[in-house]
Amino acid sequence: MAEEKSKLQRLFEAGEFVVTGEIGPPRGADVEHVHKAAEGLRGVIDAANVTDNQTSILRMSSIAGVLLAQQKGVEGVAQMTCRDRNRIAIQSDLLGAWALGIRNVLLLSGDHQSFGNDPQAKNVYDVDSVQVIKIMADLKNEGRFLNGKKAKTAPKFFIGTTANPFADPEELQLIRLKKKIKAGAQFVQTQSIYDIDRFERWMEKVREWGLHKEAYIEAGVIVNKSVRSVEVTQTVPGMSVPDSIVERMRKAKDPKEESVNIVLEIIERIKKIEGISGLHIMAIGWEEIVPEVVKSAGLLPRPTLN
Amino acid sequence: MIIASQKPIDEIKEYIKDYKKILIAACGTCVTVCLAGGEKEARELAELLSLDGDQEFRVVTPERQCDSEFLAEFDENVGWADVVLSLACGVGVQYMAERYVKKPVVPGLNTSFMGTNRDAGYWTEMCQGCGNCVLEKTGGICPVARCSKSHFNGPCGGSADGKCEIDPSTDCAWQLIYDRLKSLDQLEKLYETIPPRDWSTSRDGGPRKIRRPDVAIEEG
Amino acid sequence: MKAVLAGKSNYSEGFKAALTEAGLELIMADTASDLKGLPEEMPVVLLYDAKISPLVTDRAVLDRSILGLKPHDMIVFLMDKDEEASPYVESRVIDAASYLASIKRRVTVLMRSSRASDERFDDRYMSARNKGVTFIKYDDIEISENDEIYLIEVYDGKISVSLETPLLIDCGEKPTPELEDFVKALRLRTYGDGCITGNRWFLNQGSTFKRNVKLINTIALDGDLNKVIPALVKDIHALSKPGQGQTAFVDSKKCAYCYTCYRVCPHSALGPDENAAAMKVNDLLCAACGICVAVCPASAITFKGEKVEGDRAEKSGKKLKMFCCENSALIASKNALDGLDAAVEAVPCGGDITSEMMTKALKDYERVMVAVCCDDACKHRDGNKRVIRQVERLKERLEKLGHDSHRLSCIQTGVTMSNILKGAAEKALSGGGKK
C-alpha cells in the first residue's frame, strides 16, 4: 500500500523548491510512449502531470498515464477536467485512481471541446472547477460524497488546481483563485509565463491577498521548440506572449538555444519572487530538453525524502 | 422569444421531393419576428421551390402552431396537401404532427435558442430554460446560457479582453457579470461559492411538465 | 412655424433673433431631456461644438506644447479617419502646420489616402509645402510609443516611411457626450462612431437622415452662424409640407409589433402606436425608401395607394428584368437601354427589393438584374449593400436547388454611368441561360 501522503506534498511541506513536469499521453494505447517519457524525467523532476485530453484532443486517459509513469518511478499528478465527466464519473474515476496508488490530482475546468478534433462533442460541465475541488476536499476531510453518502475508503488526494495570471478580469480571476483555495486546493500551477513583468505584478496581488500562504504556488513555464511553436502559443487564448520574445526567437541563429536561454532567464526571475514554491515545466514535443533546463537552472539534484 | 433559422434549402427540397402538393405552414409568432418562418419566408420558399414547376404549393400562416385553436382553421388545407412543411419551431412542428395523425409533417427550420434580437439580422442566446434561475446571484446575466462552460464560480482561464476563449465575438459572461455587479456595488456576491447545482430541473431530469392544480378544471 | 433650437452652444442672441424674424417660433432645448413630449416631426436645429484637439485650433496651446521640444524634433499631424475632414478642420490643420514650418519647425501631415482634399485649399497646400511642410498620404499606419517618443510607420502601397516624433497631434473630431445624448433622443441613425448625414460623417454640416433634423457644427463656422441662416430657414419651411409621393403604411391588424421596422428605418419615421398595439408611420418623416416594407417580418407594411396583393410587376415578354434604384440606376437607364430586350422596374431603394420579388421575376424572365447605387452613395443607409447580400444569398440557394445562378446578377452604378449599365445589361442578355 502506497503512502497516504504523496512525495510531492511532503516536498512542499518540507519547504523544498519543487519542480514538476508534464507528460502528454499518446494518441493511442501505446505503453512505451509513456514509459519512455517517464524514464527521461526520472530524477529530474519531482512529479509529472499527465494531461486529461488537453486542448480537447483525444488521448489516452490521464489516470492510465499516471499509472504507467509511476511504474517507471515517476510520481504522477492525475488531471481531471469538468468537460467530459459529470459528478458521478469524476468521483468514480478518482476513487479508482486512489485505489491504484495515485496520490496527486489537478482539478480544472478543461479547454472547451471546440478547440480539439471533436468540436461536435457534447460537453458536460455538470460541476465547475471550484465545485469539483470542494467535492474532492469534502471527500477527503469528511469522507462523504457530494450526495452525502459515506465513502467506505475515502481518497485523500493532494489537491491541485490552475490559475491564469494573464486572464481577465484580473480581480475576478483572483476571487476565483481564492475560492478554489478556500474550497480545498492545496497547490496551484499557473499558466505558462512569458511576460514575467506582468507575472511579478500579479504575484504582488497574490501576496496582498495572502493566497501564497494558503496554497503552494508553482510558476509554469514552456520550453518552445521552434519559432513556429512560440508563434502558435501567442495565439492561444489566455496566453500572454510579449512580441519581444517572439522577435528574439525569430532573430536567433539557433532558435532552440535561444528558447532555452529565454526560459532560463524567466526561471531566474521566478526563483526570486516571494511566494513561489516551485516550478512547473512544460516542453510540448520536446520533453528531452527538460533535464538540460532543470540542470542549467541549478535545480539538480532533486531533493530526496527520508 | 424562440429563435430559429431556416434549414438549407437543398435539405428542405430533399424532404419534400416525393410529394406533389405541399402545404407550407408558416407561424405568426416567434419565428416570424426572427425572420425564419413567417409568412414572408414561406412565400419566398414557395416561389423558390416552385421554380422547377412540377410541385404545387400553398402557404398558410396560423397565428401560432403551438395552440390547437389556431390550427383548426387550416384543417382543410392540410387535407389537400400530401405533406406539411412546417416553418414553426420544434414545438409547432410536433404539435401539428400530433394533430394530423395521417399526414407527414416535416420541419423547415432549425430551432436554435431562446434569445433576443440585438440588431437587424442579429440574435443572441440569453436563456437555456434550466428550471432554476440564478440571475439574482449573477447580476442578471446568465452563466448557464451565456458562459460556454456554464461556470458558476467565475470565469475560466480563457477569458481575455472581456471575450470568451471559444469565439472572440462572444462576450465572456463572467466579465459581464463582474462589470455589472461592480456597477451595482455588489462585488461581494462573487465571493460566495455557489455549490454544485441540481440539474434535475433542467433537461437532465427528463421531459419537463408544469401542473397548476389551482388552474386545472378537473382535479387530479 | 415652430422649430426646436437644440444644444447648448455659443450662438449669439442675433442668431436667435434672425431665426425668429424669419418666422420661426423657437422652442429651446438645452439638453436632450428637453425634447421630451415634443412632436417627433417638429423641425430641430441641433447646434454642437465638435471636439477637436486644441493643438489644431488654438495657437497659444500649440506654442506652449512645442516649448519643450528640441529644434530638430519632428511634429506630426495625423488625419487618420477614412472620411473627408470638414473643410474647417482641414484648413485649420494646414494653417497650424504652415505656422510651425514658418517658425522653422520640421512638420509632417499624415493623411489617409482615401480622404479627398478640398480643392478650394489647393493654394494653401502649395504655400504650406513651400514653407516646408511635408504631406504624406498613406494606406496603412502603425504607431508605437516608446518613452514618450512615437514611432510611426506609414505605407502607401509601394514604399514605407518611418517617422519619430515627440508630438503627435490627432486631428480627428469627436462627438461630445451631450451630442451623443441628443443623437439618442432624436433617434438619429448611428454609423460606426458617427452618425449619418447623407453619406458623410456627422461632424460635417448638414441634415441627418431624419428629414427634420439639421446639424450645425458651430466651431466649424468660426462662430459665424449668420452664414447658414437663409438656407436653414428655407429648409425648415420646406418641412411643413408633407413628403411628396408615397409613404409607407402599416396594417395594424397584421403588425406583429416586433419593432423591426423601428430599428431599421433610416429616417426614424416609424414609432409605436400604443392604442393599436402596432407601429405607425409618421408621414412627415417617411422618405418612402421601402426598407421597412422589405424587412417587415409580418408583411404588414405597404406603400399607401399601392395594391396590397400581388406586387408582381406585369409580365412584359422581355428577356431581362432590371430592378433599378430610382436614385441612380433608373436615371442612368434613361435611353441607355433603348433597343435592348429589357424591362425596367423602378424601386425607391435597393433595400426595398426582396428575395421574393427577385424569385418571382426569375419565373417570368430569363435574366434578372438588380442595379443599385455605388458604395456609400445610398441615401437610405446602405440599402444598396443589403440587396447585394440578398442577391448573394439567393444565388447560393439557387445553386443548392440545382438552378443556374448566373441568371441573377447585380450591378452598382451612378447617375451618369449609363454606359456601364448598358454594358452590364448587354452582358446579361448575351449570357443565354436555361429558362
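**A buried aspartate, the A–B interface and salt bridges**

A:D52 is buried, with a relative accessible area of 3% (buried means under 20%, exposed over 50%, partly exposed in between; 1.4 Å probe, protein chains only). The model is predicted: local features need pLDDT of at least 70, side-chain atom pairs count only at pLDDT 80 or more, and totals for chains, interfaces and linings use all residues. Residues are numbered from 1 along each chain as its sequence is written, chains are lettered from A and ligands numbered from 1 in the order in which they are written, and side-chain values use heavy atoms, with hydrogens and water left out.

A:D52 sits in the loop between β2 (47-50) and α3 (62-71) of chain A. Helices (H or I, at least four residues) and strands (E, at least two) are DSSP runs, numbered from the N terminus. The side chain of A:D52 makes a polar contact with that of A:R85 (3.1 Å). A polar contact is a pair of N or O atoms within 3.5 Å; within protein, one must be able to donate a hydrogen and the other to accept it, and residues adjacent in sequence count only if both atoms are side-chain atoms. Beyond neighbours within four places in sequence, residues in contact with A:D52 include A:S62, A:Q79 and A:M80 (contact means heavy atoms within 4.5 Å).

Chain A brings 31 residues to the contact and chain B 30 residues. The area buried between them is about 2500 Å², with 55% from carbon and sulfur atoms (accessible area, 1.4 Å probe, that two parts lose on being put together, summed over both). Across this interface, 18 residue pairs are in polar contact, both residues at pLDDT 80 or more. On the side of chain A that touches chain B, α5 (129-142) and α6 (170-183) each supply at least two residues. The largest share, eight residues, comes from α6(A).

The interface of chain A and chain B has zero salt bridges (a side-chain nitrogen of Lys or Arg within 4 Å of a carboxyl oxygen of Asp or Glu). A:K72 lies in the loop between α3 and β3 (76-81), and A:E39 in helix α2 (residues 31-41), so the pair ties together parts 33 residues apart in sequence. A:K72 is partly exposed at 25% relative accessibility. A:E39 is also partly exposed, at 36%.

A:E170 forms a salt bridge with A:K205, the closest N and O atoms being 3.1 Å apart. This pair links helix α6 to helix α7 (residues 196-209) of chain A.
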